[in-house]
Amino acid sequence: MDRIRIRGGRQLNGQIRISGAKNAALPLMATCLLTDEDVRLDNVPDLADITTMTNLLTHLGIEVTTRQSLKERSVILSAKSLSDTTAPYDLVRKMRASVLVLGPLVARHRQAKVSLPGGCAIGTRPVDLHIKGLQQLGAEIELDSGYILAKAPNGLRGAEVTFPKVSVGATENLLMAATLAEGETHLINAAREPEITDLAQCLNAMGARIEGLGTDHLKVTGVERLQGCTHRVVADRIEAGTYAMAAAITGGEVELVGLHHELIGAAAAVLTQAGVSLSETAQGVLVKRTNGALTGVDVMTEPFPGFPTDLQAQMMALMTTADGASMITETIFENRFMHVPELARMGASINVHGASAMVRGVKKLTGAPVMATDLRASVSLVLAGLAAEGDTFLNRIYHLDRGYEKLTAKLSNCGAEIERLSDGAAE
Ligand SMILES: CC(=O)N[C@H]1[C@@H](OP(=O)(O)OP(=O)(O)OC[C@H]2O[C@@H](n3ccc(=O)[nH]c3=O)[C@H](O)[C@@H]2O)O[C@H](CO)[C@@H](O)[C@@H]1O
Ligand SMILES: C=C(OP(=O)(O)O)C(=O)O
């Protein structure tokens with residue numbers, strides 16, 4: 001199994017091009033199930049999760065063509081006919097976002113059989129809100145042998161769906177399904193993440209009628225059919241936030257290219273408080289420490305526009321060497337502190353009490369062999385390794401391949417000493 005070796009202590013200086021967002025590209029790929037015309041997506045990141053979604057769509061009978069130019073990758077998806085409406089366990093278990101085919105399949109093809117995704121390292125992650133919402137749109141749903149069996153023989157019909165809890169995935173599934181439902185659908189207490197706005201913009205370009213973009217009340221007037229379109233995937237604000245924190249933890253200066261300042265949102269406000277300056281440039285955002293030192297700040301994860309849970313682990317890594325203490329509270333997932341014991345092995349001082357972690361800044365971290373069980377926890381250990389004295393060896397790096405395109409190249413182009421070691425390479 002591959003590992004990453006990081007020799008810490010190098011400042012990051014230079015430019016990093018921000019890729020298209022994984023969490024936008026995945027639901028966008030599922031939109032092809034809503035039309036028999038081609039959906040072309042530009043700025044699609046080259047990631048393991050995109051390959052998993054490609055494999056799932058191919059399994060369903062979609063023709064997927066990938067075009068790679070010097071700068072970026074495009075994917076053309078054609079769902080002229082489907083050979084299957086089943087998303088099997090073996091594909092769904094690899095990636096929870098596979099459940100996003102449920103809404104589009106039942107809306108256009110009037111039936112779907114999708115494996116229940118099950119829990120994962122960060123929490124139990126049920127899909128009850130997806131199921132209840134689709135039932136409110138008229139789908140008949142049963143659970144059988146680990147599968148969601150959904151049908152809507154006469155098509156879906158619009159309804160008012162109030163989510164009891166904000167869910168990104170449930171909002172996306174319902175939004176896609178509602179585009180082809182008869183009549184009006186109101187999604188109330190909908191998630192407002194920029195990736196949802198990106199999805200709604202793509203659906204509108206396909207002929208959907210969605211209003212209220214960027215708000216927690218999406219109104220969808222169903223249409224009979226959707227057409228193809230070309231859409232550019234929004235930049236990855238989580239990747240950008242991660243590299244902003246990498247620049248800050250090493251005391252360097254990095255320009256994040258291809259990113260609008262507003263997209264970083266609450267993370268930018270927290271970073272500013274911690275002593276990191278983010279200024280707009282012609283090409284993106286320049287990140288550096290404001291006055292040399294980092295200051296401990298309290299952070300609580302929340303649905304957008306709050307501080308994203310997908311940056312919590314990286315923020316914690318940043319706080320390990322800040323002056324003073326920082327209280328980090330995770331409110332979205334019940335088990336998203338797996339990075340804590342590994343950061344502690346590198347010399348961090350962190351105490352967890354329930355959903356909060358108290359981080360007391362230390363003078364330095366030291367390199368160590370570490371591993372993590374999810375994507376963001378893994379990358380937080382990369383950040384710690386960049387700042388640590390000595391060598392860090394990161395194991396189980398397949399998690400990183402799910403969400404960080406060209407991670408080692410992007411960091412080493414900015415002066416990091418980081419390399420991927422193939423199985424058997426000497427330490
Ligand atoms: C592919 C993708 O975009 N993944 C993101 C998406 O995941 P995902 O869409 O799975 O996350 P949700 O927003 O749905 O989950 C938020 C919370 O709601 C709970 N919940 C969710 C659905 C449901 O039916 N019932 C229920 O109880 C979850 O367990 C969790 O505690 O949003 C998360 C929260 O910003 C991010 O961390 C993930 O990176
Ligand atoms: C939790 C994440 O992804 P997923 O929802 O695909 O597990 C993530 O991107 O941090």
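1. Which residue stands opposite Thr185 in strand 13? Val220 does. The model is predicted: local features need pLDDT of at least 70, side-chain atom pairs count only at pLDDT 80 or more, and totals for chains, interfaces and linings use all residues. Residues are numbered from 1 along each chain as its sequence is written, chains are lettered from A and ligands numbered from 1 in the order in which they are written, and side-chain values use heavy atoms, with hydrogens and water left out.

2. Strand 11 (residues 184-188) and strand 13 (residues 217-221) run antiparallel and are joined by five bridges. Helices (H or I, at least four residues) and strands (E, at least two) are DSSP runs, numbered from the N terminus. Two strands pair if DSSP finds at least two bridges between them.

3. Strand 13 also pairs with strand 12 (residues 209-211), in the antiparallel sense over three bridges, and Arg209 stands opposite Thr221. These two strands form a hairpin with five residues between them. In the turn, Gly212 has a positive phi of about 90°.

4. An open sheet of four strands has the order 2-15-17-16, with mixed pairing. Strand 2 (13-17) and strand 16 (276-280) are at the edges with a single partner strand each, so one side of each is left without a neighbour in the sheet. From one strand to the next the twist averages 20°. Strand 2 pairs with strand 15 (residues 253-257) in the parallel sense over five bridges, and there Asn13 stands opposite Glu253.

5. Helix 8 (residues 237-250) packs on this sheet and touches strand 2, strand 15, strand 16 and strand 17 (284-289). The direction of helix 8 makes about 30° with that of strand 17. Axes are lines fitted to C-alpha atoms, for helices over the stretch in contact, and angles run from 0 to 180 degrees between N-to-C directions.

6. Helix 9 (residues 266-273) has buried residues Ala266, Ala267, Ala268, Val270 and Leu271. They pack against helix 8, strand 16, strand 18 (299-300) and helix 10 (312-319). Just after helix 9, Gly275 takes a positive phi of about 95°.

7. UniProt, in an unreviewed entry, lists Cys120 for "modified residue: 2-(S-cysteinyl)pyruvic acid O-phosphothioketal"; such annotations may be inferred rather than shown by experiment. Cys120 lies in the loop between strand 7 (111-115) and helix 5 (128-136). At 33% relative accessibility Cys120 counts as partly exposed (buried is under 20% relative accessible area, exposed over 50%, partly exposed in between; 1.4 Å probe, protein chains only). Leaving aside neighbours within four places in sequence, Cys120 is in contact (heavy atoms within 4.5 Å) with Arg96 and Arg125.
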